[in-house]
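This briefing is meant to be read with the sequence and the coordinates open side by side.

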Amino acid sequence: ARCRTNPAAMSLLKMLVLPIATAAAFNAAFPSNVVTRAAASHTHMVKTPQSVARAVRSRAPMMRTDEAPALERVLATLPYVLPAIDGFAYGLYVYQNVPPIGAIAGAAFPFVASFESIPFGGLVFFIGMSLFTRNPNLSRFVRFNIQQALLLDIALIVPGLFGPLTKTFPVELQILGTNFIFYAWVLVVGYALFSNAQGKAPDQVPLLSDAASMQIGPF
């Protein structure tokens, strides 16, 4: 006798067998370790801004002493004149209470006052420097310092925008805040000048150096 198939039974059988066969075929084609490695590689592809900046700096040409001639060291140092002038006022309390530093500030004050008396002098200087950060005729050593000096200047200008608001705080808190900015300003500018004098890029400033490297690119 011919065996008759039950359509309902066949449909049920297909529903049970097809998923199992599909899973087996997928496991054969893509072993679990391959899938795991693919997922891991995708995870490593997700980069933070800090990792991007480190990668840019690692791809950048090494900036050793023998790669920075004397002229480039001078050109790399000049951009820090702008943040040096814009950060001068933050040391008011230090100048009044530390006579040696006050004497140095008194000698530099005529130059600072002359520069600030020029209408829009700081803005023109800022825009002029920003045009050179992408100039391919300048070395990366010089362009990095220009970009970092610009970012430092921005960081110094921002607290001044809240000057009227800070006057509502106690005097002790105002002194603490301005002194902190002053000491940070001195450390960054001093570190940059010292590194440039040695022909080395001052690329260890937290936040600023990573941002400057990302702005100018690896070359």
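Predicted model: local features only at pLDDT ≥ 70, side-chain atom pairs only at ≥ 80, totals over all residues.

Leu 173 is found in helix 11, and it is one of the residues that make a nonpolar surface patch of about 860 Å².

**Nonpolar surface patch**

- Besides Leu 173, the patch is made by Ile 154, Ile 157, Val 158, Leu 161, Phe 162, Leu 165, Phe 169 and Leu 176.
- Helix 9, which spans residues 140-161, and helix 11, which spans residues 171-197, each supply at least two residues of the patch, and the largest share, four residues, comes from helix 9.

**Nonpolar core**

- The largest nonpolar core has 30 residues, and those with the most contacts inside it are Tyr 95, Phe 141, Leu 152, Leu 156, Phe 182 and Trp 185.
- At least two residues of this core come from each of helix 5 (81-86), helix 6 (92-97), helix 7 (99-116), helix 9, helix 11 and helix 12 (208-216), while helix 9 gives the most, with eight residues.
- When its neighbours within four places in sequence are left aside, Phe 182 is in contact with Tyr 90, Gly 91, Val 94, Tyr 95 and Ile 101.

**A buried polar residue**

- Gln 148 is found in helix 9, and it counts as buried because its relative accessible area is 1%, which is under the 20% limit.
- The side chain of Gln 148 makes a polar contact with the side chain of Ser 209, at 2.7 Å.
- Leaving aside neighbours within four places in sequence, the residues in contact with Gln 148 are Tyr 80, Pro 202, Val 205, Leu 208, Ser 209 and Ala 212.

**The chain as a whole**

- The chain has twelve helices and zero strands, so that, by the definition of these elements as DSSP runs, its pattern read along the sequence is α-α-α-α-α-α-α-α-α-α-α-α.
- Of the 219 residues of the chain, 28% count as buried, and the chain exposes about 14500 Å², of which carbon and sulfur atoms supply 73%.
- Among the contacts in the chain with a separation of 6 or more, 78% are accounted for by residues 24 or more positions apart.

Key:
Residues numbered from 1 in each chain as written. Heavy atoms only, no water. Patch = residues over 30% accessible without salt bridge, like charges linked within 9 Å, V, L, I, M, F, W, Y side chains within 5 Å. Areas by Shrake-Rupley, 256 points an atom, 1.4 Å probe, with all protein chains shown as cover. Salt bridge = Lys/Arg side-chain N within 4 Å of Asp/Glu carboxyl O. Core = buried A, V, L, I, M, F, W, Y, C linked by side-chain atoms within 4.5 Å. Buried < 20%, exposed > 50% of the residue type's maximum accessible area, 1.4 Å probe, protein only. Contact = heavy atoms within 4.5 Å. Polar contact = N/O pair within 3.5 Å; in protein donor to acceptor, adjacent residues only side chain to side chain.
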